[in-house]
Amino acid sequence: IECGLSEVITVNGYAAKVDVIANYIHDVQNIGIDIAGQYGANSDPTKDYARYVYVAGNRIDNAVSTIAVNAGIYIDGAKNVLIERNSVTNSPIGISIGEENEITNPDYHTEGIIVSSNLLAGNTMGNLRVGTSPALSSSVFNSVIVNNTIINKPGVQGASIILSKIS
């Protein structure tokens, strides 16, 4: 698939009970898999997010944007997502969990994300990033990171795991 600067696979809006399984995504110019919310896909902000999504057994290699720092797998404003047994290599960030937009519902936050048993290797700006920008009112809540294998790229300096504004 040639997708230019778009994400390769996106689950957004009022999507529920979606499986993203066993895909090989490589040599793309942006995010490999994006599970998102709060982008106006649903006019009701209490329902404008992906939920109960299973992301497993995917292989993402060399997902590098020419216009922004991106991740191979990006959870941006979703709830109740299980990310397990994926391999993300040679991208700026392996897996990123956050909330890119200012929230429109004060009761809404990215939450219930489980990152388990993934291989994150050779990503140049961090293998795992969890949290949001300090300038936003959004945050990441009640999430678990467990049993992942992280291998830094030789010669690359910087944090392998980045945490910011999480609860």
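Predicted model: local features only at pLDDT ≥ 70, side-chain atom pairs only at ≥ 80, totals over all residues.

Visitor: Fine. How many helices and how many strands are in the protein chain?

Guide: The protein chain has zero helices and 17 strands.

Visitor: And how much of it is buried?

Guide: The chain has 167 residues, and 48% of them count as buried.

Visitor: What about contacts between residues at least 6 apart in sequence, how many of those join residues at least 24 apart?

Guide: The share is 78%.

Visitor: OK, sheets. What is the order of the strands in the open sheet of six?

Guide: The order is S1-S4-S7-S10-S13-S17, and the pairing is parallel. Strand S1, residues 9–11, and strand S17 are the edges; each has a single partner strand, so one side of each has no neighbour in the sheet. From one strand to the next, the twist averages 10 degrees.

Visitor: How many bridges hold S1 to S4?

Guide: Three bridges join S1 and S4, which run parallel. In that pair, Ile9 stands opposite Ile33 of S4.

Visitor: And which strands does S13 pair with?

Guide: Strand S13, residues 128–131, is joined to strand S10, residues 93–98, by three bridges, and the two run parallel. Within S13, Val130 is the bridge partner of Ile97. S13 also pairs with S17, residues 161–164, in the parallel sense over four bridges. There Gly131 stands opposite Ser164 in S17.

Visitor: What makes strands pair in general?

Guide: Strands of a sheet pair through backbone hydrogen bonds, in a parallel or an antiparallel way.

Visitor: Now the open sheet with five strands. What is its order?

Guide: Its order is S3-S6-S9-S12-S16, again with parallel pairing. Strand S3, residues 24–28, and strand S16, residues 149–151, are the edge strands, and each pairs on one side only. The twist in this sheet averages 5 degrees from one strand to the next.

Visitor: What joins S12 to S16?

Guide: Strand S12, residues 119–121, is joined to S16 by three bridges, and the two run parallel. Leu120 has Ile150 in S16 as its bridge partner.

Visitor: Let's switch to single residues. Where is Gly112?

Guide: Gly112 is in strand S11, which covers residues 110–116. Apart from neighbours within four places in sequence, Gly112 is in contact with Asn80, Val81, Phe141, Asn142 and Ser143. Val144 is 32 residues away along the chain, and its C-alpha atom is 7.7 Å from that of Gly112.

Visitor: Asn142 is in that list. What is its phi like?

Guide: Asn142 has a positive phi of about 45 degrees, although it is not a glycine. It sits in the loop between strand S14, residues 140–141, and strand S15, residues 144–146.

Visitor: Is Asn142 buried or exposed, and why?

Guide: Asn142 counts as exposed because its relative accessibility is 54%, and the cut-off for exposed is over 50%.

Visitor: Back to S11. Is Ser116 buried or exposed?

Guide: Ser116, which is also in strand S11, is buried, with a relative accessible area of 13%. Leaving out neighbours within four places in sequence, Ser116 is in contact with Ile83, Glu84, Arg85, Val146 and Asn148.

Visitor: And where is Ser117?

Guide: Ser117 is in the loop between S11 and S12. Ser117 is partly exposed, at a relative accessible area of 30%. Its phi is positive, about 60 degrees, although Ser117 is not a glycine.

Visitor: How does the lining divide into nonpolar, polar and charged?

Guide: The lining of the largest pocket has eight nonpolar, six polar and five charged residues.

Methods: Residues numbered from 1 in each chain as written. Heavy atoms only, no water. Pairing = 2+ DSSP bridges. Axes fitted to C-alpha atoms, helices over the stretch in contact; angles between N-to-C directions. Nonpolar A, V, L, I, M, F, W, Y, C, P; charged D, E, K, R; others polar. Buried < 20%, exposed > 50% of the residue type's maximum accessible area, 1.4 Å probe, protein only. Contact = heavy atoms within 4.5 Å.
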